[in-house]
Structure formats: C-alpha cells, structure tokens
Amino acid sequence: MSFNDIFKSSFLENVSEFSILDTVIGLAVALVIGLFIFIIYKKTLTGVLYSSGFALTLVGLSLVTTLVIMAVTSNVVLSLGMVGALSIVRFRTAIKDSRDTVYIFWSIIVGICCGVGDYAVARIGSVIGAGMIPLAVIGSAIIGVILLLFANRKIHNNPYILVMNCADEKTEKAALDILGKDTEHYIVKSKTITTAGIELTAELRTKEASTGFVNLISRLPGVENATLVSYNGEYLS
C-alpha cells in the first residue's frame, strides 16, 4: 500500500462515536486526581512563596490534556491537525524550581490516562476499571506518598552563604575559628583583599539550623558587617 492509497482509503475518515458519558467520566476523574496533585503540591512546598496560579494550572492541565487525548483518539485526521497546531505553540514561562517539572509531567500523564478508554461500554459497577483509570489512580497515589515522605524529612544542616568584611588577618582568623566551632562544615569560596580590608565569602552548613554564630562574628573587633544568606546550590534566596 502506497502513501496515496492510505489517504484514499477510509482509514482517515473513521470517526469514533462521541459519547457525553465518556467525556463526563474522563473529566471527572481527571478533576479528582488533579485536585489530589494540587494538595500534594501545597503539602510538599518547601519555599515560603506559594504560587496559587501554578497550583491551579496543574488542575487545568489535567483537564485540558484529557480533552485533547479524547479528540485525538476519536479521529485520525483531527489528531494530525492537532499535532500541527500544537507544534507552533511556544511557552515562554520559565520554571523557577526544577521540582515543578515533576508536577507538570504528572498532570499531563494523568490527563493522557483519563482521556484514553471507552468508558461508556463499561457497566456502572465497573466504570473505575475502564480505560487506564486504574493506572492513573494507583500511579498518582504512589507518587503522592513518595513526594510526601521526602518533603517531610527534616533537614537540620541547612546550607548558607556567609559574606563578611574584616579589617585584617587577625580578625579573619578569629571569624574562621568561630565557623569551625559552631558550624558543621564550611568552605571559603572567595577572598578579596582591598585597601579597606578583607571581604570573605564562605559556604557552610549549620548545626541544627542554628545561626547564632553570625552574632558572635559581628561582635568581633574589626568586623564591619556579616551577612548570612540561604543557599540551595543554584541561586541565592
């Protein structure tokens, strides 16, 4: 069969029967799981700033993906048109946290699972077993539990960046002695010497989230200022 024969055949003209029941069941399940993802996102948020817009996007993404998959699986010609239309869409919103990628893909996969399957042919007592709903439900439950377990782990040795200005080497040595005693570990990342003094930047991990050593350093004679900044290895926050 040649390429032209494929287009001449009735293969591209086949359209699955549209069912309102299929749409309602698929969207209902996608909504429930999307709300579950919404709750998990709020529970596992480690930062201070909560993005309600991103959280609502996760729910909407599950619903939209479900509709797209239902449309694609109903008609081959429509699926080719959607692929071409969606390929020109460009999203310019940058993902600030790499963990947000997990939730985006999670919502998309849930939408794909809920959009596949013939729910209308299933009996009312076995609707939950139709299509790929069990995969979406079981997979989401496992992912949610794993994310909650890792999010609830207490991290006592928080990473920080310390920036301080010292008048001379004697003051610098006294400040580093305090860091050696009151922190779990520290590394001098940069050291700048000018006529005004010494500017020192150190990466460190605290003991039980205690930051009292900064007060001790700031009281040292010759220390002009000491700034402690939370650090996650990628950016300052």
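Starting at the N terminus, the elements of this protein run α-α-α-α-α-α-β-α-β-β-α-β. That comes to 8 helices and 4 strands, where helices (H or I, at least four residues) and strands (E, at least two) are DSSP runs numbered from the N terminus. Before we walk through it, keep in mind that this is a predicted model: local features need pLDDT of at least 70, side-chain atom pairs count only at pLDDT 80 or more, and totals for chains, interfaces and linings use all residues. Residues are numbered from 1 along each chain as its sequence is written, and side-chain values use heavy atoms, with hydrogens and water left out.

Let's begin with the whole protein. Of its 237 residues, 30% count as buried. Buried means under 20% relative accessible area, exposed means over 50%, and partly exposed is in between (1.4 Å probe, protein chains only). Now think about contacts, meaning heavy atoms within 4.5 Å. Among those with a separation of 6 or more, 69% are between residues 24 or more positions apart.

Next, the helices. Which residues have the most contacts inside the largest nonpolar core? They are Ile33, Ile37 and Tyr103, in a core of 19 residues. A nonpolar core, by the way, is a set of buried Ala, Val, Leu, Ile, Met, Phe, Trp, Tyr and Cys residues joined through side-chain atoms within 4.5 Å. Helix 2 (20-43), helix 3 (52-74), helix 5 (100-115) and helix 6 (133-151) each give two or more residues to this core. The largest share, 8 residues, comes from helix 2. Take Ile33 as an example: leaving aside neighbours within four places in sequence, Ile33 is in contact with Val110, Cys114, Ala136, Val137 and Ser140.

You'll find Ser107 in helix 5, and it counts as buried because its relative accessibility is 0%. Not counting residues up to four places away in sequence, Ser107 touches Ile37, Leu58, Leu61 and Ser62.

Now have a look at helix 6. Helix 6 has 19 residues and reaches 27 Å from its first C-alpha to its last, close to the 27 Å expected at 1.5 Å a residue (the expected span is 1.5 Å times one less than the number of residues). Ile133, Ala136, Ser140 and Gly144 are buried in this helix. Why do they sit on the same side of helix 6? Because they cover an arc of only 55° around the axis, the arc being that of the directions from the helix axis to the C-beta atoms. Here's the general idea: an α-helix has 3.6 residues a turn, so residues three or four places apart point the same way. What covers the buried residues of helix 6 includes helix 2 and helix 5. The face turned away from that buried side carries the exposed residues Ile138, Leu149 and Phe150.

Strand 3 is a handy one to follow. It is mostly covered, with 7 of its 10 residues buried. Strand 1 (residues 159-166) pairs with strand 3 in the antiparallel sense over 8 bridges, and Asn165 stands opposite Glu199 in strand 3. Strand 2 (residues 183-194) is joined to strand 3 by 10 bridges, and the two run antiparallel. A hairpin joins strand 2 to strand 3 through 2 residues. Look at Thr201 in strand 3: Thr201 is the bridge partner of Ser190 and also of Val163.

Finally, find Ala209 in the loop between strand 3 (197-206) and helix 8 (213-218). Ala209 is partly exposed, because its relative accessible area is 39%. Ala209 and Thr183 are 26 residues apart in sequence and 9.5 Å apart in space, C-alpha to C-alpha.

How values were computed
Two strands pair if DSSP finds at least two bridges between them.
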